[in-house]
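Dear colleague,

I am passing on the structure below, and after it I set out what was found. Please read the notes with the structure open beside them.

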Amino acid sequence: MLRAAAAAAAVFPSRFAAAPAVAAVEEVRSPLLRVLGALRGGRVSTLGRKARFCSNSSGSDSEAAAAAAEAKAEDAVAAEGEADGKTSSAILPTSPRPEDCLTVIALPLPHRPLFPGFYMPIYVKDQKLLQALVENRKRSVRYAGAFLVKDEEGTDPNIVTSSDSEKNIDDLKGNELLNRLHEVGTLAQITSIQGDQVVLLGHRRLRITEMVQEDPLTVKVDHLKEKTYNKDDDVIKATSFEVISTLREVLKTSSLWKDHVQTYTDHVGDFNYPRLADFGAAISGANKFLCQEVLEELDVYKRLKLTLELVKKEMEISKLQQSIAKAIEEKISGDQRRYLLNEQLKAIKKELGLETDDKTALSEKFRERIEAKKEKCPPHVMQVIEEELTKLQLLEASSSEFNVTRNYLDWLTVLPWGNYSDENFDVHHAQQILDEDHYGLSDVKERILEFIAVGKLRGTSQGNIICLSGPPGVGKTSIGRSIARALDRKFYRFSVGGLADVAEIKGHRRTYVGAMPGKMVQCLKSVGTANPLVLIDEIDKLGRGHSGDPASALLELLDPEQNINFLDHYLDVPIDLSKVLFVCTANVIETIPNPLLDRMEIISIAGYITDEKMHIARDYLEKNTREACGIKPQQVEVTDAALLALIENYCREAGVRNLQKQIEKIYRK
């Protein structure tokens, strides 16, 4: 019986030696632990307690359960040894102590080093390595070496990269893997293995001395101890208390750190200066290589200084986080407050009748527009507007139909229904303006004067369709602007050269997305009157495409019998265009379709003779060209002989556009 007890005491000296120590030693509280205990507001652990802790509560529960199971197993082994001791003095099987582990399997840590006393879960993807860990655990060899992985050469440790480096680490074997590992690491106890997840608990510092086996990588290690230090040294005390003071500041803002301290003080036994340095570095969010420096440092004072730098930086980050959170919170609360106040203001104004909602405001705007035109607006148009206004009130503002109806009402109410500009029927005034702008063109001028004379006799003017045909440069487009000025009418020009879409003339159906009215409705909105002069340029160059024939669409527009009720596809209500004066231009009339040509009054402009070109050059072209080139009249003089030679030898075409270019060339020189 005594021999069995002696054998058990030899195998488990810590168990048999701890009992009297706990009974005899008085509970002495460490000053550092008292400070941390005051920080967390709880009880302080005693020196005699077992030094085990983890980074979360679940880990502590699992470790406590593991410790209890281990104690039961040891009791069972001891009881078995005591029973067998009566007949045999055999050695009892037991797990090796941490200090006895001189050869360990090396586990690479890609992200952070493992500090003594902390748990760390890692994932082992190498199946051979995982199987070796499982086999060792079955043989009660529960320890391995955890070493931080170095970054590849030429990479910046501060730049986050993809997980390719982790894949490369898993592929490395033997010396290649050994060269990528830091020499100093941690002896880790394997507490559990679930699938490919291995949970490690750090015990003490190690240094790799040599490689024993390549796959899995097994190395010989030396156990490292802190250098001796004087615990009563004032500098070490001051540094440690500064670390604790900084931790206290961080604890005020970080709930995660509070959990770490709670777990640490619940499970740690000997909270000395080295453990304080390890604790501060382990829970900081510092760079992994800065944490590795703390792990490698064996001088306690230098380790405390390194940890102090890390926790100071952590405090600055915590303050920055607090300021950012405060700024965002103020902004969000300010926006919410402003939104609530605006909504309350809207509700108050609505109750007092000072403001209406969007739909009511839109309806009021449309009614104000049409109110001024109510007497002149046709009844069928007023009926459509009223129906659409009623429909607008019933629709939700967020629906697509609401936007279609709003745009439709916008066009209906903006058009100049029955709004005609006052015309000038003074024949002499019109003759003067036409002569000012153009030399010659007697046929055109005579036709315009006839139009004015008929309008003066009738008291009102009727729309006409005039087509000016002739070669380029004879002034077909510019004469249209002069006619509008002579009649005091609004002027609008659009070209139909190459036009191949009927919708440009007749408009789109409202069922299409982005539908718009045709050119004539846009013209009426632009000029603001119902009797403008509309110049349709290049009518002989109409195109024809898959979207229809625009020449056929112009038949309704340019027919005096039909345009009194012109129907645009978008508006879908008749528009009176009988008061509009249409002037078309064409180079040749042969390409104009006969039905369209039959609706127009053709006035041919054959061109200018030499004498007319001389007058045009002297009275119009020279003046405009000098202004365009910035030349004063006294600076350059073009003689009649030179001008005549220019016309006869260089500008023999019917128009004067090339003559103007040649005069510009002279002035530029």
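Leaving aside residues up to four places away in sequence, T239 touches Y301, L304, K305 and L308, where contact means heavy atoms within 4.5 Å. T239 belongs to helix α8, residues 234–251 (helices are DSSP runs of H or I with at least four residues, strands are runs of E with at least two, and both are numbered from the N terminus). With a relative accessibility of 9%, T239 counts as buried, the classes being buried under 20% relative accessible area, exposed over 50% and partly exposed in between, for a 1.4 Å probe and protein chains only.

Please bear in mind that this is a predicted model, in which local features need pLDDT of at least 70 and side-chain atom pairs count only at pLDDT 80 or more, while totals for chains, interfaces and linings use all residues. Residues are numbered from 1 along each chain as its sequence is written, and side-chain values use heavy atoms, with hydrogens and water left out.

Turning to the rings, the count of aromatic pairs comes to four, a pair being rings of Phe, Tyr and Trp (its six-membered ring) with centres within 6.5 Å, called stacked if the planes are under 30 degrees apart, edge-to-face if over 60 and tilted for the rest. The rings of Y229 and Y273 are edge-to-face, because their planes stand at 75°, with the centres 6.1 Å apart. This pair links distant parts of the chain, since Y229 lies in the loop between β6 (218–223) and α8 whereas Y273 is in helix α10 (residues 273–283), 44 residues apart. Y229 is partly exposed at 33% relative accessible area, but Y273 is buried at 9%.

With kind regards
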